[in-house]
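Me: Hi! Could you walk me through a structure I've just opened? I'd like to talk about helix packing and charged pairs.

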Amino acid sequence: MATSHWTAASAQTTSLRRRGAVLERAILDAALEQLSTVGWNGLTMEGVAAGAQTGKAAVYRRWPSKEDLVADALQAGLPSFDEAPDLGSVRADLLELCRQAREAMFSRPGFALRSVIHECDTAQVERFHGVIIEGVVEPTVELLREVVNRGIERGEVRPDAVNGYVFDAIPAMMMYRSKVCASEWSERDIEEMIDQFMLPLLRPAGA
């Protein structure tokens, strides 16, 4: 009992020293850490509070539910894809884009996002739909669109390759192989996907 009282008092003292954005950042980081280690099902508000070295009340005061906390943690933690690579060829650009996607997938926020996608039921995933679409899917598609359009201008890519099926191909393949085949996407895996799958899909007829 004395140890429990000391732990609670210590957490309260620590939280008093950290306020506002600093404390919120610590809580969001703790949520990402829990998601990437114990997953969605194992994450608890108590565990997040302990990881952030604060009291449970400080967490609930800002996020009334686990879903609200996780949505903000993912939004804050997901890497930004701001600029498409421009290395002189569609092959080089796609390779670099896939390397960036691999780094994102196997980062702590990437593991956290996958735990949400894989473990949540349909209703719960709907709560994170905006985060997934706006934070991951749309930015990735925009970069692929830029790479493909640049390839069309250079004559490397057929003009009708600008469509949703083509843009879905790389993200879908990487997610499928990671989930079903436990692939960690080595350099060779990425090169084979680009050379054996994407480039034949993109090349102009007769090229």
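Reply: Happy to; we can go through a helix pair and then the salt bridges. This is a predicted model, where local features need pLDDT of at least 70, side-chain atom pairs count only at pLDDT 80 or more, and totals for chains, interfaces and linings use all residues. Residues are numbered from 1 along each chain as its sequence is written, and side-chain values use heavy atoms, with hydrogens and water left out.

Me: Great. At what angle do H7 and H10 pack?

Reply: Helix H7 (residues 90-105) and helix H10 (residues 129-153) pack at about 170°, and their axes are 9 Å apart. Helices here are DSSP runs (H or I, at least four residues), numbered from the N terminus. Axes are lines fitted to C-alpha atoms over the stretch in contact, and angles run from 0 to 180 degrees between N-to-C directions.

Me: So are they roughly parallel or roughly antiparallel?

Reply: H7 and H10 are roughly antiparallel to each other, a label used for angles over 145 degrees.

Me: Which residues of H7 and H10 meet?

Reply: From H7, Val90, Asp93, Leu94 and Leu97 meet Leu143, Leu144, Val147 and Arg150 of H10; contact means heavy atoms within 4.5 Å. The residues of this contact divide into 6 nonpolar, no polar and 2 charged. Nonpolar covers Ala, Val, Leu, Ile, Met, Phe, Trp, Tyr, Cys and Pro, charged covers Asp, Glu, Lys and Arg, and the others, Gly among them, are polar.

Me: Switching topic: how many salt bridges are there?

Reply: The count comes to 19 salt bridges, each being a side-chain nitrogen of Lys or Arg within 4 Å of a carboxyl oxygen of Asp or Glu.

Me: Which residues are linked in a network?

Reply: Asp86, Asp93, Glu146, Arg150, Arg154 and Glu156 are linked by salt bridges.

Me: What about Glu46, which residue does it form a salt bridge with?

Reply: Glu46 pairs with Lys56, the closest N and O atoms being 3.5 Å apart. Glu46 is in helix H4 (residues 45-51) and Lys56 in helix H5 (residues 56-62), 10 residues apart. Glu46 is partly exposed at 41% relative accessibility, and Lys56 is partly exposed at 40%. Buried means under 20% relative accessible area, exposed over 50%, and partly exposed in between (1.4 Å probe, protein chains only).

Me: And how far apart are Glu192 and Arg188 in H12?

Reply: Glu192 and Arg188 are 4 residues apart in helix H12 (residues 187-202), so about one helical turn separates them. The closest N and O atoms of their salt bridge are 3.1 Å apart. Arg188 is exposed at 61%, while Glu192 is partly exposed at 31%.

Definitions and conventions:
Helices (H or I, at least four residues) and strands (E, at least two) are DSSP runs, numbered from the N terminus. Angles under 35 degrees count as roughly parallel, over 145 as roughly antiparallel, 65 to 115 as roughly perpendicular and the rest as oblique.
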